[in-house]
Amino acid sequence: MLSSDIINMLLEGIVDTLRMTLFSTLFAYIIGFPVAVLLVVCRKGGLRPIPILHGVVDAVVNILRSVPFLILMLVVTPLTRAIAGRSYGPTAAIVPLTIAAAPYVARMIESSLLEVSSGVIEAALSMGASLKTIILKVLIPEAKTSLIVGATISTGTIFGYSAMAGAIGAGGLGDIAIRYGYNRWQPDILWMTVILLIILFQIIQFVGMKISKKTDKRIRE
């Protein structure tokens with residue numbers, strides 16, 4: 001049977017994992033959303049084509065996405081220490097998690113916005129709608145369901161990143177699995193963390209997909 005100390009440790013690990021995931025997702029969207037809008041608007045054939053700007057931003061996003069997360073986490077250690085005051089722990093892990101997730105989030109949002117029918121955009125343009133109006137009143141509302149699905153997938157991905165971050169002292173369930181389950185070879189703790197990670201991931205996916213179905217105009221209850 002699990003002792004109270006182990007149960008408390010696992011509960012703390014759940015809280016730390018969720019905190020890393022939710023805050024990293026929030027900051028990744030704060031950064032990624034405007035980047036995605038810029039990529040859509042400034043692309044060739046977009047509402048305001050600026051090929052040079054689009055090319056630079058597109059290249060930066062691709063470069064950041066190509067760096068494996070654990071390597072990126074090590075590379076940005078000085079930045080993490082400068083922002084969080086230290087390079088380890090759940091709070092510090094939010095910095096590299098955000099940097100790793102932002103370009104991924106930007107691509108997810110870009111893909112959702114590009115799904116919006118060109119006919120809807122052309123109709124808005126014909127009525128004299130401004131760029132700001134088209135973005136806020138046409139692109140985002142029309143892509144709402146796809147954006148929610150993308151947010152669900154992104155949150156699940158960042159959740160997986162947070163578990164990997166435990167390999168280098170980020171805390172959370174990933175750290176518990178490595179320190180106790182692997183290094184000290186305590187299979188009961190290892191399997192318990194695996195089960196908890198699966199349950200949490202399934203909850204995130206279930207809630208996200210449930211919300212997306214509620215907003216999908218194509219579905220009739």
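## A guided tour of the helices

Begin by selecting residues 118-140, a span that is 83% helix and 0% strand, and whose end C-alpha atoms lie 13 Å apart. Keep in mind throughout the tour that this is a predicted model.

Next, select residues 52-76, where the end C-alpha atoms are 27 Å apart and the span is 88% helix and 0% strand. Both selections come from an unreviewed UniProt entry, whose annotation "transmembrane region" covers residues 21-40, 52-76, 118-140, 147-169 and 189-208. The annotation "domain: ABC transmembrane type-1", also from an unreviewed UniProt entry, covers residues 14-208. If you colour residues 14-208 by secondary structure, you will see a stretch that is 83% helix and 0% strand, with its end C-alpha atoms 19 Å apart.

Now turn to pairs of helices. Two packed helices are described by the angle between their axes and the distance between the axes. Select helix H9 (residues 172-183) together with helix H10 (residues 187-215), whose axes come within 8 Å and cross at roughly 165 degrees. Are H9 and H10 roughly parallel or roughly antiparallel to each other? Angles over 145 degrees count as roughly antiparallel, and H9 and H10 are therefore roughly antiparallel to each other. The crossing in which H9 passes H10 is left-handed. To see what makes the contact, show the side of H9 that carries Leu173, Ile176, Ala177, Tyr180 and Gly181, and then, on H10, Ile189, Leu190, Thr193, Leu196, Leu197 and Leu200. The residues of this contact of H9 with H10 comprise 9 nonpolar, 2 polar and no charged.

The contact is made by Ile6, Met9, Leu10, Ile14 and Leu18 of H1, which meet Ile189, Met192, Thr193, Leu196 and Leu200 of H10. In the contact of H1 with H10 the residues divide into 9 nonpolar, 1 polar and no charged.

Which helices hold arginine 107 and aspartate 58? Arginine 107 lies in helix H5 (residues 90-114), while aspartate 58 lies in helix H2 (residues 51-66), so the pair ties together parts that are 49 residues apart in sequence.

Notes: Residues numbered from 1 in each chain as written. Predicted model: local features only at pLDDT ≥ 70, side-chain atom pairs only at ≥ 80, totals over all residues. Heavy atoms only, no water. UniProt positions renumbered as here; feature names shortened; annotations may be inferred. Helix = DSSP H or I, 4+ residues; strand = E, 2+ residues; numbered from the N terminus. Axes fitted to C-alpha atoms, helices over the stretch in contact; angles between N-to-C directions. Parallel < 35°, antiparallel > 145°, perpendicular 65-115°, else oblique. Left-handed = near helix turned anticlockwise from the far one by under 90°. Contact = heavy atoms within 4.5 Å. Nonpolar A, V, L, I, M, F, W, Y, C, P; charged D, E, K, R; others polar.
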